[in-house]
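Visitor: I would like to learn how to read a few features of a structure. Please take them one at a time.

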Amino acid sequence: MPAPPRRRTALRQRLAELRGPDVPARPLDARALAALAANPGCSRRSLLDGAGVDKTVLAQSLGAPSGFGQSQFAFMRGNAFEARVKADGGAELLRLTHRFLGGGPEPVPGGSAVPDLAAAGPEGRAARTALALREATASGGWTLLDHPMLALDVAGTPAFLEPDAVVVHPDGGWTVVEIKSFPMIDGSADAAKVGAAARQSAVYALALEQVAARIEPAPEIHHHVLLVCPKDFSNLPTASAIDVRKQLSVTRRQLARLTRVEDIAAELPEGTTFDVRRPAAELTAAVEAVPAAYAPECLSACELAFHCRARAREQGEVTALGRSIRGELGGLTSIDDVLSAASGATGDPDDPAVATLRRAAELRAEALAGEAAACH
């Protein structure tokens, strides 16, 4: 059940206070949501993203700038490729969609609809997109929605998402289209980049599900998304259908686990602000007031990763070693605890983690003793 209007207004005011007066909110995008879903236990990222704080600028203010960002050349190249894919009313894009996903008769160049999705503000654009999807589904023809706006509720705050495109098939099905500038060589692309695109597309598909749920009968959201990339080393587009059912399931479950932003904000000390114009010491205290869940994977997904890694190392947290190691160590949450248990000073010997550590310490001691004897 959605929150009452007064409660939503109070939450927006609270988040604006955290962000800082007159500081515009940085909108959540699908890439950020996919990263958030991959680490739902991080209250720090949940709050900062929910409040619309620019984490790149915040990291710079904390003295731990991230390596995030796309070069201007790559940005221009991506835009040029996307424009080529969508040229002539999206004729080539619709041809690729039909080739890889079907959904009706072959599209006729110039015979497909490309509705105008312009409206005032993200809420207006999301409403216009929902209307266009409804009309396109009823039309029974090919329709290309260029940069539609979708809304998705995330931990009690709305996120407005803008996929590259959504195609409505003559049979009424909807397909998410993701256009990337990395090459597809001999029909395959870099697995890590394809995986990131799949997770991003799953977020768009979840938002489409909310739109489809308000239509009777609800149209089908295809669980295959169309990934369009340059072919080999050319600028010609090719495509592949990517099954995102696994990513959909994981993202849906992880987003549902996120603590509501208002609950996290309620635990903060009075006067806490993430206004990047404040002194570094004050910003550091504000950031440290929100619990984080750092893992090495954050380095490729979060602008604050360098700051959180430094803090995790200073405090000797085993999470700095990776989630898999953290899981194997059970109740041992610090490096000091691990070393103490391995040496036999502390720890329950019946604990499998403690027993493994002590056996590893014994083997290491034996190996070092043997190496020393060999040297003599």
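Visitor: In which helix do glutamate 362 and arginine 359 both lie, and how many residues apart are they?

Guide: Helices (H or I, at least four residues) and strands (E, at least two) are DSSP runs, numbered from the N terminus. Glutamate 362 and arginine 359 both lie in helix 15 (residues 352-375), three residues apart, about one turn of the helix. The model is a predicted one, in which local features need pLDDT of at least 70 and side-chain atom pairs count only at pLDDT 80 or more, while totals for chains, interfaces and linings use all residues. Residues are numbered from 1 along each chain as its sequence is written, and side-chain values use heavy atoms, with hydrogens and water left out.

Visitor: What links glutamate 362 with arginine 359?

Guide: A salt bridge is a side-chain nitrogen of Lys or Arg within 4 Å of a carboxyl oxygen of Asp or Glu. Glutamate 362 and arginine 359 form one, with the closest N and O atoms 3.4 Å apart.

Visitor: Is glutamate 362 buried or exposed, or in between?

Guide: Buried means under 20% relative accessible area, exposed over 50%, and partly exposed in between (1.4 Å probe, protein chains only). Glutamate 362 has a relative accessible area of 43%, so it is partly exposed. Arginine 359 also falls in the partly exposed class, because its relative accessibility is 45%.

Visitor: How many salt bridges does this rule give?

Guide: The count comes to 19 salt bridges. One of them joins the side chains of glutamate 17 and arginine 14, at 3.8 Å from N to O. Both of these residues lie in helix 1 (residues 5-19), three residues apart, about one turn of the helix. Glutamate 17 is partly exposed, with a relative accessible area of 49%, and arginine 14 is partly exposed at 24%. Glutamate 262 also forms a salt bridge, with arginine 260, the closest N and O atoms being 3.1 Å apart. Arginine 260 has 31% relative accessibility and therefore counts as partly exposed.

Visitor: Which residues are linked in a network of salt bridges?

Guide: The network links Arg44, Glu288, Arg311 and Glu314.

Visitor: At what angle do helix 8 and helix 9 pack?

Guide: Two packed helices are described by the angle between their axes and the distance between the axes. Axes are lines fitted to C-alpha atoms, for helices over the stretch in contact, and angles run from 0 to 180 degrees between N-to-C directions. Helix 8 (residues 191-212) and helix 9 (residues 245-257) pack at about 70°, with their axes 9 Å apart. That angle makes helix 8 roughly perpendicular to helix 9; the cut-offs are under 35 degrees for roughly parallel, over 145 for roughly antiparallel, 65 to 115 for roughly perpendicular, and oblique for the rest.

Visitor: Which residues make the contact?

Guide: Contact means heavy atoms within 4.5 Å. Helix 8 contributes Ala198, Arg199, Ala202, Val203, Ala205, Leu206 and Glu209, and helix 9 contributes Gln247, Leu248, Thr251, Arg252 and Leu255. By class, the contact has seven nonpolar, two polar and three charged residues. Here Ala, Val, Leu, Ile, Met, Phe, Trp, Tyr, Cys and Pro count as nonpolar, Asp, Glu, Lys and Arg as charged, and the others, Gly among them, as polar.

Visitor: Is valine 203 buried or exposed?

Guide: Valine 203 is buried, with a relative accessible area of 0%. Leaving aside neighbours within four places in sequence, valine 203 is in contact with Ala30, Leu33, Ala34, Leu152, Leu161 and Thr251.

Visitor: Where does the backbone have a cis peptide bond or a positive phi?

Guide: The peptide bond from glutamate 216 to proline 217 is cis, with omega near -5°. Proline 217 is placed in the loop between helix 8 and strand 6 (224-230). Aspartate 88, a residue other than glycine, has a positive phi, near 55°. Aspartate 88 is in helix 6 (residues 87-101) and counts as exposed at 72% relative accessibility. Phi of aspartate 232 is also positive, near 50°, and this residue is in the loop between strand 6 and strand 7 (237-243).

Visitor: What does the secondary structure of the protein chain come to?

Guide: The protein chain has 15 helices and seven strands. Of its 376 residues, 43% are buried. The C-alpha trace spans about 85 × 55 × 40 Å along its principal axes.
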